[in-house]
Each structure stands twice: as C-alpha cells, then as structure tokens.
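Colleague: I am new to reading models like this one. Please take me slowly through one part of it, then show me how it sits in the rest.

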Amino acid sequence: IAATHQCAASLPDRNSDCIQEKMTTMAAVTDLMWSMTAELAIFLVTLAFAFAISGASGVTARKQVKGKQCLKARPHPDEGGGCTSPTAAPEARPRAPSRRAVEAEAGKPAAPGADPKAARRVWKAAQLMESIIDGVREHPAARFAPSALEKYGELKAILEEDGIRVAEVERSGGCARQYTGLDLYSTLVLCISRSAKYFLIEGLLDDMAHFGVGRSLNFYESAMKQFAGQKQYHLALFLYDRLVLDGLQPSTVTCSCLISFAAEVGKYQCAIGFFKKLAAQSTPSIRAYMTVLRVYGKLQDWPSSMQTLRDMQTRRVPIDTFVVNVILATGVAADELNGVEALVAEMAGQRRSVLDIVSYNILVKGYAQRNDFENVMEVANRMRERGLVPSSITFNSIMDAAVRSHRITELWALLSEMRSTGLRPDKYTASILVKSLSASPQPLRIEGALQVLMEVNDVCDVALRSTLYHAIFEATAQTGSASLLERVFAQMRRVKVVPTVAMVRYL
C-alpha cells in the first residue's frame, strides 16, 4: 500500500482521482483477506484440539476395558498380585463380581436360589488366600510375614462368619492359580517361623481341623524342620504329638531328629522312646546312637550304655573313639570302675584299638574321684606303655589325685615332670597347687605357687585371680613369715587384686 502511494505521488495530477479510487478498493480487499486468515487459523486450531481430545478419550476407554479384564483375571497387588507384574498396581481396586460372573469363573451353571452376597464373600476369601500365598512367595524376607498373618485374620473372619470351608474357596475359581488349603497353611507356618510368633501354631492347627483342611505327613515334617532350624525344639515335639493324634507315623529320618529334639529340651525319657521306636524300624544312624548315649550319660545309666554298645556290635555299626569315650565317661560318673576297666581292656585287645589319650584320662579321673593315687599312677604307666604322651589334662588329673590322697611330695614332683615334657601350667594347675597349700603351707611351696600364679595370670579372670590370691595369703599367714606376707601382698598389688579389710589389718 505504501508503494502504491509512492507511485501515485509520481503520476500527473490528471490521473490522481482514478488512482485514489483504485487505492481505496485495494485497501478494503487487503483488510478482508487479513480478517479471513485470522478466522481460518482459529478454526484450524480448534479442529486440531477436537481431534486430540477425541483420540485421548478412545485410548483411555480402551485402557479401562483392558484394566477390567486384567482385574477379573488377577486380584489387586495388595491382595497378592497385579495385572502384569508384582509391582504393577492398577488405578482401581477390583470389585467383587456379580453372581453370574462368579459362576462363569467357576465354570458351572448357576444354582437356583444361590445367594449373590455369599458368592461374593467366597470370591473375596479366595482373593485373600491367593494374596497371602503369592505375597510370601514374592517377598521371601521376614518383613512380609506379619502382613500375611493379618490377612489371614481377615480370611478367618470371613470363613467363620459365613460358615465357609476352605474346600469351597478352592472350588470357587477366585484364584488365578490352583492353590489348596494345605498350600495356605504351609505358607502360614512359614510366616509364624519368620516372624517368631510361635504362640500362633496351636491355633493354626486347630483352624485347619475346623475348616476341614487335612494335615499330611509332609506338612508336619516340613513344619518341624522349620521350627528346629529356629531352635524351637519344644514346638517340633508339639507337632509330633499332633501328628500322632492325626493317625500318622513319622519317617525314620524324622524319628532320628526327634531324638535330638527331646535331648535338647531335657526330655530324656522321650528321647529314649524315640530311639527305641527308630531301632525297631531300622538300624539307627551313628548320630542317633551318639545322641542316646549322651542321654544315658546324663542319666548315669551304665547298663543301658553297655546294652547300646552291644546292639551296635550286633548290627555291625562302626564303633569309633567318640562312642567308647562317651560310654567310659558314663561309667566313671556312675562309679562303675570295674566295668570301665573291663571295657578298656576289651577295646585295647582289638586289632585296631580305638582308645586314645582321652580314654585314659577318663579312667584316671575315675580313680582320682576315689582318692586312689596308686591306681592313678598305674593307669598313667599303661598309657605310656601304649606310646601315648600325657597331656596337660593328664597331669592335672594325676596332680588332683595326689592332693586328694594327701601325696603333696608327689604333687610337686609331677609339676617338675610336667615342665620337663614342655607343658606349661594352666589355671587348673594353679588351682590344684593353691588348694594343696591349705594342708601343707610351707614357704618353698608358697613361693612355687606364686611363680605359677604369675605364669597363668593372663588366662585367669578377675574372680578366679582374687580367689587364688586370697587363699594363698591365708596359707602364708599360717607360716608366720612377715617377709613372705609382704611378697604375697606386693604381688597382689602388681596384678591388681584388691585385698580385704581383714588382710590389711593383719598386715
């Protein structure tokens, strides 16, 4: 337009009127075109928005349809699962289906007069059952166990309120997977074990009977294994009692384990009963034999121990050093030294002897308890003849026998022999030496005891160290030697033993 005005200005005056008229017409046409262009742009933008909104509505509708189909096939993740994966949670919780939907899922026609509300309750129970089992399988950590037990509380309330049995829930078709009531309760036993809520197990077994869920041998044995792994041996024994009430019999492996469970909780007669039942079915394992032999040891039952040994020999069960030593220890505890000597002689006469240094130490202990120092020394000589080297335990046992028999001179000779073999005194040696001072508090022996106390100072705890020094102070006081008392007191201060008020007054 500006260019037109410039051109018009350069034309002759006689044509100015015509040109002015044309210019006015062109300006009007230009204004009309700009107005139409703006309206057309607005129309196109509105049309684009309309298409976009229409497409989004269609996609949302398709997603909702697909979500409903998924929810119909699988429950909400909070109840045990999701549409696509354990972590994919739909936007809405599934609603209980109508009676027709439940019947269609179950694959059977509607029963005349069926209650839709009851059907929905059964469906909800099935959803809870599946959510418990799937949840525990997908979350093996212990933190999910309390949540599963809470959901079981909801499930149990539904079953009791409507009088529903678990078999009806299994047949309802509400579970995407074919879970059984035994699957549910096996999972709950695992939850009890993980959450350490052991007091719930009895009620859980009662629920199984109430809701018509049978208990199999595998269910009981699996539960016993879980509780034994948590050292809940009394619960494993409780499950055995329920197993018997259900008319079941444990396998040989379970029976062997029951011997250990009963022994761990101190039910020794039960352990013996389990062993006899196992022995009647098959040959017990060496572990079962060792367990029952230890039980006989606790009871100091020497005849039963020997009977078990003869049974092992009859069944050709290998007898090793551990078996013999357990039986020998039982004989010593029962003061059956004649029988113990006979067994030692029997085992020593075999082509491959199973006796070791521990076997002879047990025999030495038996004679030491009788204050029989001569027989103690005779056993020590037999030990050396068989090429066995005495240990610190051997020397301590012989020295203890010397103190009990008031053979104090031999005691200090044994200490010298012990040192000559390269063995160092230990806290048991120090206790034996200090104990001997009460009967014979001689200055040289007190000095020897002080030397041993310094050697074992690092292995003695505060209480034992205090007891030993107080005893040696009292023995020193009997000698009346002031210089020796000062030495004892100085060593007590060096090892940080606190003297009593009476000791300070005496000094």
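This is a predicted model: local features need pLDDT of at least 70, side-chain atom pairs count only at pLDDT 80 or more; totals for chains, interfaces and linings use all residues.

Modeller: Residues are numbered from 1 along each chain as its sequence is written, and side-chain values use heavy atoms, leaving out hydrogens and water.

Buried means under 20% relative accessible area, exposed means over 50%, and partly exposed is in between (1.4 Å probe, protein chains only). The chain has 25 helices and zero strands. Both are DSSP runs, numbered from the N terminus: helices are H or I with at least four residues, strands are E with at least two.

Now to H8. Its buried residues are Ile201, Leu204, Leu205, Asp207 and Met208. Viewed down the axis of H8, they fall within an arc of 155 degrees, so they line one face of the helix. The arc is taken from the directions between the helix axis and the C-beta atoms.

What does that face pack against? The buried residues of H8 pack against helix H5 (145-162), helix H7 (181-195), helix H9 (217-229) and helix H10 (233-245). Such packing rests on contacts, meaning heavy atoms within 4.5 Å. In the whole chain, take contacts with a separation of 6 or more: 64% of them join residues 24 or more positions apart. After H8 comes Gly212, with a positive phi near 75 degrees.

Follow the chain past H10. Gly247 lies in the loop between H10 and helix H11 (252-264). Gly247 is exposed, at 61% relative accessible area. Gly247 and Leu217 are 30 residues apart in sequence, yet 9.8 Å apart in space, C-alpha to C-alpha.

Next come two cysteines. Cys255 is buried, at 0%, while Cys257 is partly exposed, at 31%. A disulfide is a pair of cysteine sulfur atoms within 2.5 Å. By that rule the count is zero.

Charged pairs are another kind of link. Side chains of opposite charge can pair when their charged atoms come close. In a salt bridge, a side-chain nitrogen of Lys or Arg is within 4 Å of a carboxyl oxygen of Asp or Glu. The structure holds 17 of them. One of these joins Arg310 and Glu346, at 3.0 Å, N to O. Arg310 lies in helix H14 (residues 302-314) and Glu346 in helix H16 (residues 337-348), so the pair ties together parts 36 residues apart in sequence. Arg310 is partly exposed, at 34%, and Glu346 is partly exposed too, at 29%.

Glu417 and Arg384 form another salt bridge, with their closest N and O atoms 2.8 Å apart. Glu417 is in helix H20 and Arg384 in helix H18, 33 residues apart. Glu417 is partly exposed, at 30%. So is Arg384, at 32%. Elsewhere, salt bridges that share partners join Arg121, Glu161 and Asp162 into one network.

The chain exposes about 28,400 Å², with carbon and sulfur atoms supplying 56% of it. Accessible areas come from the Shrake-Rupley method with a 1.4 Å probe; for residues, only the protein chains shown count as cover.
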